[in-house]
Amino acid sequence: TSRFVTVNGVRLHYLEWGARDDRPTLVLLHPAPLNARVWSAFAATMAGDYHVIAPDARGFGDSAHSGAYDDDVFIEDVGGLLKAIGATRVILCGNSMGGTLAYA
């Protein structure tokens, strides 16, 4: 499912698979210059065990552009997104840029 939420004044897009139940949320963070759709096949496979979300970072995919593109802003966006959707138990998974953000 394709969804939008406004976080830190920016309209962010994310894709969602699986049920929002007692399962942990698996957050998939994409590499630059790609977007959340890079995770589609993997996310569909994981949706049986996790509530999976894959956001488009600001300025990527269907998320809005802004004047700020540093790691701290991207990290704040991920935290704001998780808060907005009520995710409390999360597993972060990222590739390249997304891996750096997950680690930070």
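Is F74 buried or exposed? In this predicted model, F74 is buried, with a relative accessible area of 6%.

The strands make an open sheet of five, ordered β1-β2-β4-β3-β5, and the pairing is mixed. At the edges sit β1 (2-7) and β5 (90-94), each with pairing on one side only. From one strand to the next, the twist averages 30 degrees. One place to check is T25, whose bridge partner in β5 is V90.

Now bring in helix α2 (residues 71-85), which packs on the sheet and touches β1, β2 (10-17), β3, β4 (51-55) and β5. Its direction makes about 110 degrees with that of β1.

What about the nonpolar residues? In soluble globular proteins, nonpolar side chains tend to be buried together. Here the largest nonpolar core has 18 residues, and F74 is among those with the most contacts inside it, along with Y14, I53, L81, L82, I85 and M97. Two or more residues each come from β1, β2, β3, α2 and α3 (97-103), and α2 gives the largest share, five residues. Take Y14 as a way in: beyond its close sequence neighbours within four places, Y14 is in contact with residues including F4, V5, I53, L81 and I85. Apart from this core lies another, of 10 residues, with L15, L26, W39 and A54 among them.

Next, the rings. The whole structure holds three aromatic pairs. W39 and F42 form a tilted one, at 5.9 Å centre to centre and 50 degrees between the planes. Of these two, W39 is buried at 11% relative accessible area, while F42 counts as partly exposed at 37%. Y69 and F74 have ring centres 6.4 Å apart and planes at 50 degrees, so that pair is tilted as well. Y69 counts as partly exposed, at 39% relative accessibility.

R58 is found in the loop between β4 and α2, and R58 is buried, with a relative accessible area of 5%. What does its side chain meet? The side chain of R58 makes a polar contact with the side chain of D77, at 2.6 Å. Leaving out sequence neighbours within four places, the contacts of R58 also include V7, V10, L12, Y69, V73 and, once again, F74.

Methods. Residues numbered from 1 in each chain as written. Predicted model: local features only at pLDDT ≥ 70, side-chain atom pairs only at ≥ 80, totals over all residues. Heavy atoms only, no water. Pairing = 2+ DSSP bridges. Helix = DSSP H or I, 4+ residues; strand = E, 2+ residues; numbered from the N terminus. Axes fitted to C-alpha atoms, helices over the stretch in contact; angles between N-to-C directions. Contact = heavy atoms within 4.5 Å. Buried < 20%, exposed > 50% of the residue type's maximum accessible area, 1.4 Å probe, protein only. Polar contact = N/O pair within 3.5 Å; in protein donor to acceptor, adjacent residues only side chain to side chain. Core = buried A, V, L, I, M, F, W, Y, C linked by side-chain atoms within 4.5 Å. Phe/Tyr/Trp six-rings, centres within 6.5 Å; stacked < 30°, edge-to-face > 60°.
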